[in-house]
Amino acid sequence: MCLLMDMAKRKPDKSSSGSSGEDSDSTADEDEQTENAQQNGSPTPNKVQRTSKTDLSKDPSPNQLVELKETENLFQSSLLRLQITELLTEVCLKDGRKKKIEEKIQDLKVSLLALPDGKMYTLSDTRWLEKKGLQVPVIQEPKSRKGNFHFLAPRSVEVVGSFLLGTCIKPGVHVDLAVTMPKECIQAKDHLNHRYIRKRALYLTTIAHHLQSEDLVHDLKFTHHHGDNLKPVLQMRVKDGNAHGFEVHIHIVPESGSFKLNRFHITKNNVRKYWVEDRDVTEDSHDEENLATPLYNTAILRDLTLLDNTRSLEESLSATPGIKHGMVLLKVWLRQRELSTGYGSFSGFIVSMFVLYLLSQRRLNKFMSSYQVFRNTLLSLSSSDWCEKPISLCTDTSDEIRPSMSDFQGAFDVVFVDHSGYTNLCAGITRSLYNRVVHEARLALQFLEDRRIDSFDVLFLKPVSFLTTFDHLFHLTNLEELHHCIDKLDIAHKLIDYHGNYILACIPAILDLLSRSLGRRARLVQMRQMAVKQWPVNKKPPKMSDEDKLTFGLLLDPEFVTSVVEKGPLSDSVEAKEFIDFWGNKSELRRFQDGVICEAVVWTTSSLLNKKRLVSAKIVKYVLQRHAALSEVSVHYVGSQLDGLLRRPRLMAEAGGFPYGTGEEQHILIQHAYTGLTKQLRGLNLPLAINSIQGISPVFRFAEVFPAVPALTMTGQHQHGPALPNPSKLAPRWVPCMEVVCMLETSGKWPEDMEGVRRLKAAFLIQIGNALSSQCLLPVQIKPACVHVLKDGYVFQVKLSYSREIAVSKMIKMADGTVKFKDTEESVSLEKDTKILPVLTSTLHGLYQQHNSFSCVVRLAKRWTAAQMLTNHIPDVAVELIVAHLYLHPAPFLPPGSPVVGFLRFLQLVSTFDWKLSPFIVNLNNKFSVDDVAEIVHQFNKQRTTLPLMFLSTPDDRLSSYWTRKSPTAPVLRQFVVLAQKAADVLENQIKDCSQQHDFKTIFRPSFEIFDVLIHLDLRQLPRQHEAVDITKATRIPPVLAGKYREVVKTVPVLDYDPVQYYLDELEAAFDDLAMFCYDKYGGTVIGVIWKPAALQPKEFKVSAMVGRMLSVKDVQSDETVLTTNFGAVLNDFAVMGRGLVNRVETLRVH
């Protein structure tokens, strides 16, 4: 699978340890595989052995039957087994590679055990190291006043961690070595006041000094183990004959017997207040109240129990390949979700210990397959609650001093106790991160149960980044302010336990504050794990002040996110005071519809949906300012940055407060007008009843980028009622009409030829138009194929159809009198308007009812596609279906809950989907079964050469891909994918960066570099200029007639008048064989022209091919003439055809 651990082209985190070994690990394994194959006389991996037909016809062997039975019992399917096997092959180390690493590790062990003893120094004296060009990897504030350091050779060096267990995964494979510091190095009371922490750091630095002169290792760095600044480790690369070698992490642990475990009981204090405040010890110092330091105690307990926990894992996992491989799958799953790196992460060690716990509880057994281990572990994790119901591996009840579960729960958010009964393996994990892990486990089980989903791809290959998981993000900057909110959050007593790290001390309190204030609005609140930093051994360790921001994510609940009222307790209840204390002056008494008077908080009085979506932003900023003293300028909220592309603010100003927002409300107003019109149509007295009325325009799917507003212009000429464009003035303002199809009841009197049908429909339209005008007093404009109706300032185009019309349009009478049925251009158009579009419109309208962010996301996607000047090349409905896929098939996420994240996922989906080899299946209304999907895939592979390049399959259009039959072409699709990838990268970087200077419209501005010619248009003749990405003062904004003024207008305005589109149609009709024309229909001022390859090549002389070409001599000697493109004449034709609309034609590349 071409290194599956690229994880679908995921970029590994440069800050995480071990990332530099990715290439070397994969390359070394490939070399090893080839070498082993050659030694065994077998073909190299790149040579495929064909199975003969005789072998294929043989009965299965006993071993094959056993394997099939195992697949049936131990795996979900044979395909999943093959995928998992291939994944394990890619991510696990090969035996040959592992053997080479073990040999080098043995050499490194010898070097470490042979280190010479050193002199004795005081703990506070590090000058001897600084003279050697080294720095201690811990911040030594305050200075240690007691204790000595004497380096003695390590007592032992042991391999620990995933390499020992055989569960390490690529990329980033590294070997963990536990170097045992002799207990002679430990002095009495070294457990107090960070003396052991600093002594361990000095021991590690001394080892680094000696290894600097070793030829075996290079590139020595310090890093923090899982981001814990109390646990530095030494990171290095060991040479093994490969280009980069492999990575080793050295951990220092004390010798057994150095400390008693009960010295680090989580209710004890081992960091004195007088030491933290750098005061001299007095008699009063011993009387001070010293609170418990559970985090500090646990940091040392982890060292004391590391080897015992490793041995427990090693004993339990021996000869259990299924368990080991299951743990590998769990680690891959965690890594893809960015949950296993950084401080307080759900590390691979924790999940390994959890598997060990499940084995002890007999929820797993040693005979399970890797898939069963993975699934059962997720099942247990999804139903667990380590916050309220902690778990423990300790079975010994003889130690009465051992902490109780209530002690652990009082000290930590999440509790998972190891075998010793003293160490909480989840000491640094916040409740919010644990909730995220449980949430992801539940989602994974849902994906595994749904056979229509490629669960392997979703769980192990697709990256689930923080930015695309959460609907809203916000960055906390100016982190120095956190230092001042310690007292506000009432966590000053915890600073000692965090060794003065006010950032880490504030994070749990801030997360709890956010969870409480957001309530049901947010399903999850999580802080993005801070990157694990590395630094050279001659540099000082990073400080707290080096952090520039903290990033938080909110996973919103669509049912409650737009709620503008926070309903509190009854005004006379005890809880009311607590509610008022929390919300402050935002709280007010409010009477609700049921007559109850309660305390409540009202966040906005606006009815605009885009304002309601930002209630969460208001809550976050308010509670952080009130309860954490964080100013609003320090909170950079990401949630509405793209709203401006759908908003027309000057429209609101001219309309005197017209409620446009981002357009959702305007869609609803049009729906209300449409509902009123349908009632009036059904009330008409017609010879045939109307069976159904269905709107088919994008506005009825909540997918119109800029929905129509009741803006009526009187600038046209009036001839017999309708307004016409006036060529001597500016172009009429843009007034679109919405298409409505009325299906008439069947009757035996309908004609059997299309001409008769058209005439009869015209008669019906005249009757409908007259009735609407006389009975309903609506302005109408009757045409042979439709009736334009002006209702509440909106124009609807009413069309008629009946059930047999499609069949009649396909009828072709032959010369012998027989009738054949064949698709015609008219029948295809009728089928689209009367069958396909009505169903699609109803379905997408229902999708919007379930997910209110759908409208903004689909409109942003269409706006971006048009902004790339692909208006005529990527069908709008195709974009709508791609966006619908995000909501119907959101795996590995939940459906997007905000426009920003939805649009980002759209760009990523377009850029990563394999359009060439995979059908794009959109399971509307959940109509596809598992067999249906399999059949579509089979037919797609069978007929691929005859199917469209962008193949879209829906329940009503399974194999024809109606919307993309003609476009996009291969170059357009390729450009579409490339632009989406670049736009996704830019948008992701803008979201990551907390700067408010970013212009989010950047990705909506096209580049003209790919064009050969630019046709510049006259701004005065562009009726849609107000829809442009960038609106200037010169932009003409149409006025809005609101309220009672709508009733004054009795004339149907100029409709759908877009001269640029007419001009484009003429250009494509005349020069389609020579050039491709690109334009942004939403306010574009330029038409881009790209010469097709045929225009650049000479052509054989034919009279029919003379358009745009001229005679040229191919060869002077033979006097042979050919046709070549007359670029000058063609450019002149561009200007002539667009006279009055075209300002100038600019040539960018001369051919």
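## Basis

The model is predicted: local features need pLDDT of at least 70 and side-chain atom pairs count only at pLDDT 80 or more, while totals for chains, interfaces and linings use all residues. Residues are numbered from 1 along each chain as its sequence is written, and side-chain values use heavy atoms, with hydrogens and water left out.

## The four-stranded sheet

Four strands form an open sheet in the order β11-β13-β10-β17, with antiparallel pairing. Strands (E, at least two residues) and helices (H or I, at least four) are DSSP runs numbered from the N terminus; two strands pair if DSSP finds at least two bridges between them. The edge positions belong to β11 (522-527) and β17 (635-638); each has a single partner strand, so one side of each lacks a neighbour in the sheet. On average, neighbouring strands are turned by 15° against each other, direction ignored. Antiparallel pairing of β10 (residues 472-476) with β17 runs over four bridges, and phenylalanine 474 stands opposite tyrosine 637 in β17.

Helix α16 (residues 431-449) packs on this sheet and touches β11 and β13 (550-556), its direction making about 125° with that of β11. Contact means heavy atoms within 4.5 Å. Axes are lines fitted to C-alpha atoms, for helices over the stretch in contact, and angles run from 0 to 180 degrees between N-to-C directions. Helix α20 (residues 502-518) lies across β10, β11 and β13, at about 170° to β11.

## Nonpolar cores

The largest nonpolar core has 144 residues, and those with the most contacts inside it include Phe346, Trp386 and Phe1004. Such a core is a set of buried Ala, Val, Leu, Ile, Met, Phe, Trp, Tyr and Cys residues joined through side-chain atoms within 4.5 Å; buried means under 20% relative accessible area (1.4 Å probe, protein chains only). A second, separate core of 61 residues includes Cys168, Val179, Phe264 and Ala299.

Among the buried ones are Phe903, Arg905 and Phe906. The buried residues of α31 (899-912) pack against elements including β17, α29 (854-867) and α33 (970-992).

Valine 933 is found in helix α32 (residues 930-942) and counts as buried at 18% relative accessibility. Valine 933 touches Arg452, Ile921 and Phe928, not counting residues up to four places away in sequence.

Conventions. Buried means under 20% relative accessible area, exposed over 50%, partly exposed in between (1.4 Å probe, protein chains only). The expected span of a helix is 1.5 Å times one less than its number of residues.
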